[in-house]
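Here's a quick tour of two spots worth a look. Have the model open as you read.

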Amino acid sequence: MSGLPSFRAVMLMVIAVLAVTAGAGGLVLILGDDVVKTTAQEPVRRQPRSQPSAAPRLDQIVPTAEPVQDFGQGGPGVTSTPPRILAVAPGAVPKQARFRLGELKHVQKVIVVDAGAVKVSGTGLNLLAVNPADFRSWTPQPVADQPAVWSALARGELVADTASMRRLGMILGAVYQVDGGPRLRVAASAPLGLKGVDGLVSADLGRSLGFAPGVAVLLHGKPGKISEAGVRKLLGKNAQVVMLDAAERAVKRQEPEQQQPQQVNVGRPGSYLELYKAAATRCPGLSWTVLAAIGQVESSHGRNNGPSSAGALGPMQFMPATWKHYGVDGDGDGKKDIWSPYDAVPGAANYLCANKAGQGGERLRKAIWFYNHSWDYVNKVMGIADAYAKTYA
């Protein structure tokens, strides 16, 4: 009829309405089954073009970001004076006993620190709580020379013994929940040379964890010469005494064993594979393969960081409003950087966990849908996650 608008006019009006609708918006986040928080609507992002099938393996792709500013940068200037004896007294060591320990023959240095044990998922860790500046010289020279180790302690993070890391299957950069306590990030692993000690934390953190004050004694002096009996006499019969220089006291073999190189691993995971695994520890029940799949779809693991047409940024393609609420400082450098993979990947784990991704099943699928409002996106992520699980099994 002549009174009706033409087909072309109707289509132009429809396009105009769609354009206005796409420009409005508000992000709806659901925790449980209810709408609990809104910020600004995060638009559905177009999925990037498929990546070439011959992409590098995750363990070959190295994340990049600005360097962390470390404690003591510019040269350590510390001479290592490693302990020969480690002793743990049943109570705080009195000041007079400390003086007398220092007067023992062949003793050159004495330090007394706090000590305690924590449990992570039921697994016990024996820790010393130290002042970084005071304790630095009590570690092997490669450890004393590494500023990032002492930065980590100053930030309230955990420096784990290398052997304990291997024995317990801990991951550098991962965050572990202390039973009944705070969450601790493993910021470094190092050969501490302290038999029976799984790691170091700061004195302030030790106090907050309720560690026993002034019970751990370390003695430095001529190897194999400090009297074990003298130490036991001063600390009491219930003290635990570990001879860290036992090899020097034993009969030397004709051919001495070769010393293994002492490697210190600090700061950040060395590959995207390690980064995804470390970040997944922030959300119990979340598989690292889901994070890896999202990283693949969103930016091909940091190779296309945007901005996207919708305004999403960084390797995990966060909208700035969402990042404001769920971004984290994943590497302890004091910044929540949307462009840094060391922050963005754990930030994605945090965001998914807020939407109950750790529960698996449909909750996981729904959490991924919140990440990008498309069920095709969810199916793609889950398919890639399954492929990663098979590839890296």
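## A note on the model

Keep in mind that this is a predicted model.

S10 pairs with strand S3 (residues 85-88) through four bridges, and the sense is antiparallel. To find your way in that pairing, look for isoleucine 85, which sits opposite leucine 219 of S10.

Strand S4 (residues 107-120) also runs antiparallel to S10, and here seven bridges do the joining.

## Helices H10 and H13

Now for the helices. Two packed helices are described by the angle between their axes and the distance between the axes. For H10 (residues 272-280) and H13 (residues 341-354), the angle is about 40 degrees and the axes lie 9 Å apart. That angle makes H10 oblique to H13. As for handedness, H10 and H13 cross in the right-handed sense.

Which residues meet where H10 touches H13? On the H10 side they are Tyr272, Leu275, Tyr276 and Ala279, and on the H13 side Pro341, Tyr342, Val345, Pro346 and Ala349. Sorted by class, this H10 contact with H13 has nine nonpolar residues, with no polar and no charged ones.

How values were computed
Residues numbered from 1 in each chain as written. Predicted model: local features only at pLDDT ≥ 70, side-chain atom pairs only at ≥ 80, totals over all residues. Heavy atoms only, no water. Pairing = 2+ DSSP bridges. Helix = DSSP H or I, 4+ residues; strand = E, 2+ residues; numbered from the N terminus. Axes fitted to C-alpha atoms, helices over the stretch in contact; angles between N-to-C directions. Parallel < 35°, antiparallel > 145°, perpendicular 65-115°, else oblique. Left-handed = near helix turned anticlockwise from the far one by under 90°. Contact = heavy atoms within 4.5 Å. Nonpolar A, V, L, I, M, F, W, Y, C, P; charged D, E, K, R; others polar.
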